[in-house]
Amino acid sequence: MSSTSVQSERLRILHELLAAATHEASATMSRWTNGLITLSLDEVRELQLEEVIAGLDLDDQLLTMVVLSLEGPLSGEMILTFDEHNARQLAAALLDRPVASEGEWTELEKSALTETGNILACSYISALSRLIGEDLMPMPPYFLQDYGASVLQQALLSQAMAGDQILVCRTGFHRHGEDLNWRVLFVPNYALREAMEKAIRTSE
């Protein structure tokens with residue numbers, strides 16, 4: 001089998017694994033938002049390090065984010081990103097109050113967004129833990145406003161040290177079938193990537 005065919009098969013395997021996790025996370029998100037929001041797995045890609053930022057359309061725009069890290073040998077980063085308008089819309093919907101178009105984020109608004117990230121990430125991580133047969137250890141999520149490209153570069157460091165190809169999984173959000181400008185970027189480290197691939201091969 002050619003190297004291109006091997007790479008395509010690996011990505012197919014990883015896509016299958018992550019699609020199952022996304023399906024479970026989507027059900028949880030739908031319950032949390034009273035049926036308002038669902039998820040879909042947009043893509044699983046391997047890119048050269050220098051291609052990642054451009055490939056994910058992360059420019060110099062300031063983003064509102066909820067970041068959750070996994071600790072231990074099987075680690076990684078899950079980054080929930082919004083533009084300012086969409087972030088405030090979600091916070092307002094969860095708190096059942098009018099959308100605040102400007103001003104500092106209140107602690108209650110930050111908490112609503114952080115809890116969304118926590119519910120989503122824990123559902124996703126729980127599904128992955130069962131699939132790979134290992135306990136993944138999430139750390140508490142935190143609210144962050146920063147430049148998306150800068151945050152992603154930090155998340156990619158562990159993969160970059162293990163090889164040239166970077167695996168990035170991107171999940172999309174939908175409101176009543178309409179695409180939203182929200183994204184979840186899941187960046188596993190190299191050890192977690194190998195565990196995911198092994199789980200699929202073992203189950204076949």
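**Notebook: contacts, core and cavity in a predicted model**

I began with contacts (heavy atoms within 4.5 Å): residues 24 or more positions apart account for 71% of those in the protein chain with a separation of 6 or more. I note that this is a predicted model, in which local features need pLDDT of at least 70 and side-chain atom pairs count only at pLDDT 80 or more, while totals for chains, interfaces and linings use all residues. Residues are numbered from 1 along each chain as its sequence is written, and side-chain values use heavy atoms, with hydrogens and water left out.

**Elements.** I looked up the secondary structure, taken as DSSP runs numbered from the N terminus (helices H or I, at least four residues; strands E, at least two). The protein chain has 7 helices and 7 strands, in the order α-β-α-β-β-α-α-β-β-α-α-β-β-α from the N terminus.

**Helix α4.** Just after α4, G133 has a positive phi of about 70 degrees.

**Burial and cores.** I took buried as under 20% relative accessible area, exposed as over 50% and partly exposed as in between, with a 1.4 Å probe and protein chains only. Of the 204 residues in the protein chain, 48% are buried. I then looked up nonpolar cores (sets of buried Ala, Val, Leu, Ile, Met, Phe, Trp, Tyr and Cys residues joined through side-chain atoms within 4.5 Å). The largest has 45 residues, and L18, Y124, F173 and F186 touch the most other members. Another core, of 8 residues, lies apart from it and includes M65, I79, L185 and V187.

**F143.** I located F143 in strand β5, residues 142–147. F143 counts as buried because its relative accessibility is 18%. Leaving aside neighbours within four places in sequence, F143 contacts T64, M65, W105, K110, L113 and T114. T114 is 29 residues from F143 in sequence, yet their C-alpha atoms are 6.0 Å apart.

**Cavity lining.** I finally looked at the lining of the largest cavity. Its residues are V66, L68, M78, I79, L80, G117, L120, A121 and P141, where lining means having an atom within 4 Å of a point of the cavity, a set of points on a 1 Å grid over the protein atoms alone where a 1.4 Å probe fits but cannot get out. Strands β2 (62–71) and β3 (76–82) and helix α4 each supply at least two of the lining residues.

Terms used
1 Å grid on protein atoms, 1.4 Å probe; cavity = no way out; pocket = protein on both sides within 12 Å on 5 of 7 lines; lining within 4 Å.
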